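Here is a quick tour of a two-chain model, written to be read with the structure open beside it. Take a look first, then follow along.

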Amino acid sequence: MASGVLSGVLGPQRRVRFLAGHLTDMLVVVVLGALVVAASRPAVVAGRIDTADATAVLTLVAAAIGSAAAIIALVTGRLTGDPRPSWFGAALLLYGVVLLPLSALVLPQYPGGTPRLAVLSMLLVSLCILVTALRPPARLGAWGGWALAGVALLVGALVAVQAESPFTRMLTAGPLYSIIVQAGWALVAVLFLLDGYRRQSRIRSRLGLGLLVVAVSQLYRAIVPGQEPTIGLVYPSLRVLGMAVVLSALLTVALRAVTTLQDEYDQLQETLGEASALLDRATDQAAERDHELRNGLAGLAGAAQLLLARPGDDPQVVRMREAVLAELDRLRRMLQNPLAVPVTGTDPLVDDRDAALLDWSPAAADGAAGDGPAEAEHDVGAALRTLVDLRDGRGITLDTPAGLPRVAAPESLTRQVVTNLLANCDRHAPRTPVVVRARLADEPGLVAVEVRDHGPGLPGGQAELTIARGRHDESAGGSGLGLHISAQLAERHGGTLVLRTVDRPRGCLAVLTLPVAR
Amino acid sequence: MTGPTGSPILIVDDHELVGSALALNLRAEGEDATFLPVRSAAAVLEHVRRIPAGLIVLDLDLGRDGEGNRIDGVRLVGPLCEAGWRVVVLSGSSDAGRVGAALDAGGFVFVPKNAPFPALLSAIREAHAGRSIMPPGRREQFIKLHRDREHERRDLHEKLAKLTQREREVLALLAGGKRAQSVADHFVVSLATVRTQIRAVLTKLEVGSQLEAVALYRKAAGI
C-alpha cells in the first residue's frame with residue numbers, strides 16, 4: 001500500500017522530469033540542427049569551400065564519431081552486463097566504418113546498380129540489428145549483433161559480384177534507392193523514440209533523436225533536386241550532428257555505468273574496512289591478553305621458583321613443585337611460540353620483524369642456562385609423572401615401565417598433548433577412572449603414550465577418529481582445535497595421534513606415538 | 001656507565017607478583033634487590049635520584065597513573081641513564097619498535113618477559129656484572145627497527161599534513177568506523193562530495209584504497 005502511494009506520487013513526478021529532459025534535448029537538437037543547416041546551406045558554402053573535399057571530410061568525421069560511439073557502447077555493455085549496447089554498437093560500427101564511407105564517397109563514382117544493391121542490403125541488415133538492439137533475444141547474447149554484422153558484410157560482398165539486372169538498373173535510374181534508405185532510417189528512428197517514450201527514458205529518447213537527425217539528413221538528399229555535390233554541405237553536416245547526439249547519449253549511459261560500479265566498489269571497500277577494523281580490534285585484544293598472561297606467568301614462575309626444595313621435604317611436595325614449574329613452563333612456551341601462521345605476500349602494513357626480534361633466541365637461552373641442549377629429547381615417563389602429580393585428586397593411574405628409551409621430541413610436546421587428552425577425558429568422561437600408560441610401540445623405533453578413559457567412546461560410535469580441525473562433540477563443549485593442534489605437533493616431530501573407541505569396558509583410547517631418540 | 005657488582009638492583013614493574021618474585025629470587029642469591037611499585041613516572045625518577053645508582057630492571061609498560069594516563073617506560077630510560085643507572089629493559093610487549101626506542105635511549109640490554117624465569121634471573125645477574133646476554137648485532141637490529149619506524153612515522157605525518165582540514169576530518173571519521181554515507185550526513189553534504197574528498201585523500205596519501213588510507217591514519221594516530 002505504501003509503495004502504491006509512493007509510486008502514485010513518484011510516477012507523475014518521473015513523467016514530468018522525463019518530459020522536461022526530453023523537451024530540453026529536443027530543443028537543443030533543433031537549435032543545433034538549425035544552426036548547422038544555416039551554416040552549411042549552399043548560399044553560404046558556394047564559392048568559398050570545395051564542397052567535394054568538405055563532404056569527404058565531414059563524412060569521415062561522422063564515421064569517426066559513429067565508431068567512437070560504437071566502442072563506448074561496447075564498453076558499456078561489458079561494464080553493465082547488458083547486451084543491448086553491444087548490439088547497438090555492432091550496428092553503429094558497421095554503419096560508421098563500412099556503409100557511410102561506401103555510400104557517400106565510393107558510390108558516386110560507380111554509377112552501376114549492383115554496388116548500390118550491395119550497400120542497400122548491408123544497410124538493411126544493419127538497420128535490422130539496430131531494431132533488434134531495442135530488445136535483443138537473450139538466446140543470442142551480447143555477440144549476436146556482431147555475428148549479424150558479419151553476415152551483412154558477407155551478403156554485401158555476394159551481391160557486389162552479381163551481374164546487373166533489371167532491378168539494379170531500376171535502383172540507379174529511379175528514386176527507389178533513396179526511398180528505401182529514408183524509410184528504413186525513419187522507421188528505426190521512430191521506433192527508438194517510441195521505445196524511449198514508453199520506458200520514459202531520456203537516454204533512449206535521445207538516441208532516437210540522434211537517429212532521427214541521421215534519417216532527416218538522408219531525406220534532404222531526395223527532396224532537394226540536383227546532383228549531390230552541388231547541394232552544399234547540409235547533408236553531411238547534419239549526419240555529423242546526428243552521430244554526435246547518439247554519441248552523447250551513449251556517453252551518458254557509460255558514465256552512469258561507471259558511477260554505479262564505483263559506488264559498488266566504494267561500498268565493498270567500506271565493508272572490507274569494517275571487517276579489517278574488527279580484525280584489528282581482535283588482534284589488539286589478543287595482544288593485550290598475551291601481554292597480561294606473560295606478566296602473570298612470569299610472576300607465578302618467579303614465585304614458584306622461591307618455593308625452594310629444602311632437605312627433609314616430602315618427596316611428593318618436591319615432585320609437585322617441579323610439576324608446577326614444568327606446567328608454567330609449558331604455558332610460557334604456548335605464549336612464546338604461537339603456531340606459525342603462514343604469511344602470504346608482503347603487506348607493507350604488516351611487519352613480521354617484531355616477532356623475529358622479540359623471540360627469545362635459543363642461543364641466548366642456552367647461555368642463560370634455561371633450556372638445556374637436551375631440549376630435543378626427553379624421558380616420557382618423567383614427563384607423565386609430573387603431569388599426573390598435578391592432578392592428584394583426579395584418580396589417574398600411571399603405568400610407565402622402567403628403562404623406556406628417551407624420545408626425540410621436546411618435553412613440552414608430550415606435556416602439551418597429554419594435557420589436552422586429559423582435559424578431553426574430563427569433558428567427555430568426567431569422574432571415570434583414567435589410565436595413562438607409556439610403552440614401546442608395536443612398531444619398532446616408536447614409544448606409545450596411551451590415555452584411556454571409561455566414557456562413552458568416540459561420538460557416533462566411530463571406531464577410529466581422524467583428527468580434523470574444529471571437530472568436537474558439541475554436547476560436551478570445547479573446540480576440537482586442541483586435538484587438531486596436538487596432532488599437528490606430533491606429526492611435526494615424526495609422531496602420530498590417533499583416537500579409538502575401545503570395549504571391555506567401553507571408553508576412548510588416545511594413542512600418541514613418538515620416535516625413539518638415537 | 002657504572003654498576004659494579006654489589007651496587008643495588010631496583011626492579012620497576014607495575015605487576016607486583018613479577019616484581020617481587022624477581023626481587024626475592026635475586027635477594028635469595030645474595031643481591032641487594034628491591035622492588036619498586038610504580039605510582040607515576042615522576043615518582044620513579046624521584047626515587048632513583050635519592051639512592052646511589054646501580055642496575056635498574058625496567059618494565060616498558062607500567063600501567064596507568066592516578067589520572068589514567070599510560071606510564072611509558074621508554075621515556076624513563078633516558079633520565080635513568082643520565083642519573084647513572086644501567087637499565088635492563090624488560091617487556092612483555094610484542095612491539096619491538098618500543099624495545100628499540102628504549103635501547104636507543106641508552107638501555108643496556110633487553111630481556112623478554114616470556115623468557116624462562118631462570119634465564120630472566122641470569123640475564124639480570126649478567127647485566128649487573130656488565131655483560132649483555134643479547135647476541136651480537138641484536139641491539140643494533142632493535143635500534144634500526146626503531147629508527148625505521150620513526151622515519152616511517154615522520155613520512156606519514158608529512159603526508160597527513162598535506163590534507164586539508166576537511167579531508168582530515170573525513171579520514172578521521174572513516175577511521176572511526178563511519179561509512180561514507182554517514183560522513184556525508186555528518187557534514188550535511190552529498191555522498192558524491194564525500195567520495196571526491198576521499199579520492200583526494202587517497203591521492204595525497206599515495207594509496208590505492210580507502211582501506212589502506214584508514215590503516216595509515218590509524219597507524220599515525222596510534223589507534
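Two strands count as paired if DSSP finds at least two bridges between them. Keep in mind throughout that this is a predicted model.

## Strand pairing in chain A

Strand E2 (residues 434–440) and strand E3 (residues 446–452) of chain A are joined by six bridges and pair in the antiparallel sense. One spot to look at is A:Arg439, whose bridge partner in E3(A) is A:Ala448. E2(A) and E3(A) make a hairpin, with five residues between them. In the turn sits A:Gly445, with a positive phi of about 85°.

E3(A) also pairs with strand E6 (residues 507–515) of chain A, antiparallel and through seven bridges. Here A:Val449 stands opposite A:Leu512 in E6(A).

## The sheet of chain B

Chain B has an open sheet of five strands with parallel pairing, in the order E2-E1-E3-E6-E7. Which strands stand at the edges? They are strand E2 (33–37) and strand E7 (109–112) of chain B; each has a single partner strand, so one side of each is left without a neighbour in the sheet. On average, neighbouring strands of this sheet are turned by 20° against each other, direction ignored.

B:Ser91 has B:Pro112 of E7(B) as its bridge partner.

E1(B) is mostly covered, with five of its five residues buried. Both faces are accounted for: B:Ile9, B:Ile11 and B:Asp13 are buried on one side, and B:Leu10 and B:Val12 on the other.

## Helices around that sheet

Helix H1 (residues 16–28) of chain B lies across strand E1 (9–13), E2 and strand E3 (55–59) of chain B, and runs at about 170° to E2(B). Helix H5 (residues 117–128) of chain B packs on the sheet too, touching E1, E3, E6 and E7 of chain B. The direction of H5(B) makes about 170° with that of E7(B).

Then there is helix H4 (residues 96–104) of chain B: eight of its nine residues are buried, so this helix is largely enclosed by the rest of the structure. Among the buried ones are B:Arg98, B:Val99 and B:Leu103. After H4(B) comes B:Gly106, whose phi is positive, near 120°.

## The annotated aspartate

UniProt, in an unreviewed entry, places the feature "modified residue: 4-aspartylphosphate" at B:Asp59. This residue lies in strand E3 of chain B. Is B:Asp59 buried or exposed? Using a cut-off of 20 or more other C-beta atoms within 10 Å for a buried residue, B:Asp59 is buried, because 24 such atoms lie within that distance.

Leaving out residues up to four places away in sequence, B:Asp59 touches B:Val12, B:Asp13, B:Asp14, B:Gly73, B:Leu90 and B:Ser91.

## Where the chains meet

The contact between the chains takes 40 residues from chain A and 39 residues from chain B. On the chain A side, helix H10 (234–306), helix H11 (315–336), helix H12 (353–358) and helix H13 (362–367) each supply at least two residues. H10(A) gives the largest share, 21 residues. By class, that side has 18 nonpolar, twelve polar and ten charged residues.

UniProt also lists a "coiled-coil region" (unreviewed entry) at residues 251–285 of chain A. Over this stretch the chain is 100% helix and 0% strand, with the end C-alpha atoms 50 Å apart.

In soluble globular proteins, nonpolar side chains tend to be buried together. The largest nonpolar core here has 65 residues, and those with the most contacts inside it include A:Ala69, A:Ala91, A:Met243 and A:Leu250. H10 of chain A turns up again, supplying the largest share of this core, 14 residues. Not counting residues up to four places away in sequence, A:Ala91 touches A:Ser126, A:Ile129, A:Leu130, A:Ala133 and A:Gly145.

A second, separate core has 58 residues, including A:Ala301, B:Ile56, B:Val89 and B:Phe117.

Terms used:
Residues are numbered from 1 along each chain as its sequence is written. Chains are lettered from A and ligands numbered from 1 in the order in which they are written. This is a predicted model: local features need pLDDT of at least 70, side-chain atom pairs count only at pLDDT 80 or more; totals for chains, interfaces and linings use all residues. Two residues are in contact if their C-beta atoms, placed from the backbone, lie within 7 Å. Helices (H or I, at least four residues) and strands (E, at least two) are DSSP runs, numbered from the N terminus. Ala, Val, Leu, Ile, Met, Phe, Trp, Tyr, Cys and Pro count as nonpolar, Asp, Glu, Lys and Arg as charged, and the others, Gly among them, as polar. Axes are lines fitted to C-alpha atoms, for helices over the stretch in contact, and angles run from 0 to 180 degrees between N-to-C directions. UniProt positions are given in the numbering used here, feature names are shortened, and annotations may be inferred rather than shown by experiment. A residue is buried if 20 or more other C-beta atoms lie within 10 Å of its own, exposed if 12 or fewer, and partly exposed in between; C-beta atoms are placed from the backbone. A nonpolar core is a set of buried Ala, Val, Leu, Ile, Met, Phe, Trp, Tyr and Cys residues joined through C-beta atoms within 7 Å.
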